[in-house]
Amino acid sequence: MNQTEKRKEEHINQALNASNQYVKTTGFECVELIHNALPELDFEEINTQVKLLGRTFSYPIYMAGMTGGYKKAGEINKRLAKLAQQYNIPFGLGSQRAMVENPELKYTYDVKKDYPDVFLIGNIGGVQLKSYSTEKIEWIIKSVELDALAIHLNPLQEIVQPEGDRDFSGIAERIAEVKDIIDVPIIIKEVGAGISRDVALRLKSLGINVIDVSGSGGTSWAKVEIKRGGKLTAFAEWGIPTALAILRTRDIVNVIATGGIRNGLDGAKAIALGSVMFGSAYPFLKAVFENRENEFIEGLIHELKVAMFLTGSKDIKSLRNAKYYITGWLKDALATISQNNFK
Ligand SMILES: Cc1cc2nc3c(=O)[nH]c(=O)nc-3n(C[C@H](O)[C@H](O)[C@H](O)COP(=O)(O)O)c2cc1C
């Protein structure tokens, strides 16, 4: 095993440890959807379909990228891809850096061999993107038949990671170049520390239309890297909570919300706040290890539909218009931002 493969294995083991979740919350606990006592809806006729990235998905649920690059990761990806195909929802691979460094590991990402209908989202770090040639990027896409490519921005994780990359210069320029070269859509994502309004505006100016805000409140990559020997314990709780990240970016780009979404009600709130889809990483991984991924997704869907029923939302478009109010620290944060006249 080389260093990247070994790190991938450590990441899975550490991510499964509940102590590596943020203590800080997502902010969804400050969001109340308004109850509708007269929904005028038949629960059985609720329509959860949503269109994004040129495809119609059966549910607004996305499985965020996690793994690949060693044998067990290949098995995890297969299990998750099977679920994604069965439910017609998008599935994200983890960073494909390992297969670039060792092409023999391609098989751990190559889920379309078994699940050809899955909408497959590839994954590469912004830092890696800078050093990869156009041919290499095209190989990353074509060799496993990607439908979209996620580029992750993870400066917090890298700075805490003992062996992490430190040079984040020039990434924006490279994203703009790559966007014009490749023929699949790009998603820009964080990995749990959130995307701010300024960054979303910058990404929009580069021609990016879809982001996964991946805010804080769920998996903390600072904590994972601290467990692996990182010293920056002061930054364990750093990041923009997911609900705030959605509210600050929703009018700029199509937002996918991940980071601490742990049930279908949080997911429904994410959509009411303005995201197009919601998703998770850690709960899907945990469900695979507990052999209950079907049960987990059924629960998520049921909770989403109940929230739609109780807000009188017959489809996802109506859910996006569902009324809500905001309390607590999230309300204070929004007030402070507006007092300071941030854009
Ligand atoms: C085990 C694990 C591995 C991950 N690896 C990657 C990765 O390779 N690339 C990436 O963009 N995000 C990666 N992530 C981040 C997730 O895609 C997601 O942004 C983040 O975990 C927040 O979602 P959560 O709170 O539901 O876990 C990983 C997450 C987990 C749990």
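User: Axes are lines fitted to C-alpha atoms, for helices over the stretch in contact. At roughly what angle do the axes of helix 12 and helix 13 cross?
Analyst: This is a predicted model. In the model, the two axes come within 8 Å. The crossing of helix 12 and helix 13 is at roughly 140 degrees.

User: How far apart are the axes of helix 11 and helix 13?
Analyst: Helix 11 covers residues 264–273, and helix 13 covers residues 293–310. They pack at an angle of about 50 degrees. That angle makes helix 11 oblique to helix 13. The axes of the pair are apart by 7 Å.

User: Is the crossing of helix 11 and helix 13 left-handed or right-handed?
Analyst: The two helices pack at an angle of about 50 degrees. Their crossing is right-handed.

User: How many nonpolar residues does the contact of helix 11 with helix 13 have?
Analyst: G264, L265 and A268 come from helix 11. They meet L300, E303, L304 and A307 in helix 13. One residue of this contact is polar and one is charged, while the nonpolar ones number five.

User: At what angle do helix 10 and helix 15 pack?
Analyst: Helix 10 spans residues 242–249, and helix 15 spans residues 328–339. Their axes are 11 Å apart. Helix 10 and helix 15 pack at an angle of about 40 degrees.

User: How much space lies in the largest cavity?
Analyst: The structure holds two cavities of 30 Å³ or more. In the second largest cavity lies about 50 Å³. In the largest cavity lies about 610 Å³.

User: Which helix gives the most to the lining of the largest cavity?
Analyst: Four helices each supply at least two residues: helix 1 (3–15), helix 3 (97–101), helix 6 (155–160) and helix 12 (282–289). The top contribution is six residues, and it comes from helix 1.

User: How many residues of the lining of the largest cavity are polar?
Analyst: Ten of the lining residues are nonpolar. Seven are charged. The polar ones number 21.

User: Which elements give two or more residues to the lining of the second largest cavity?
Analyst: Y22, N154, L156, Q157, E190, V191, G192, A193, W221 and A222 line this cavity. The elements that supply two or more of its lining residues are helix 6 and helix 9 (221–227).

User: What is the volume of the largest pocket?
Analyst: A pocket is an open set of points, whereas from a cavity the probe cannot get out. For the largest pocket, the volume is about 380 Å³.

User: Which residues that line the largest pocket are the closest to its centre?
Analyst: The largest pocket has a volume of about 380 Å³. Its lining counts 19 residues. The closest to its centre are L153, P155, E190, I195 and V199.

User: How many residues of the lining of the largest pocket are nonpolar?
Analyst: Three residues of this lining are polar. Two are charged. The nonpolar ones number 14.

Definitions and conventions:
Residues are numbered from 1 along each chain as its sequence is written. This is a predicted model: local features need pLDDT of at least 70, side-chain atom pairs count only at pLDDT 80 or more; totals for chains, interfaces and linings use all residues. Side-chain values use heavy atoms; hydrogens and water are left out. Axes are lines fitted to C-alpha atoms, for helices over the stretch in contact, and angles run from 0 to 180 degrees between N-to-C directions. Angles under 35 degrees count as roughly parallel, over 145 as roughly antiparallel, 65 to 115 as roughly perpendicular and the rest as oblique. A crossing is left-handed if the near helix is turned anticlockwise from the far one by less than a right angle, and right-handed if clockwise. Contact means heavy atoms within 4.5 Å. Ala, Val, Leu, Ile, Met, Phe, Trp, Tyr, Cys and Pro count as nonpolar, Asp, Glu, Lys and Arg as charged, and the others, Gly among them, as polar. On a 1 Å grid over the protein atoms alone, a cavity is a set of points where a 1.4 Å probe fits but cannot get out, and a pocket is an open set with protein on both sides within 12 Å along at least five of seven lines; lining residues have an atom within 4 Å of a point. Grid points are joined across faces, edges and corners, and a volume is the space filled by probe spheres set on the points.
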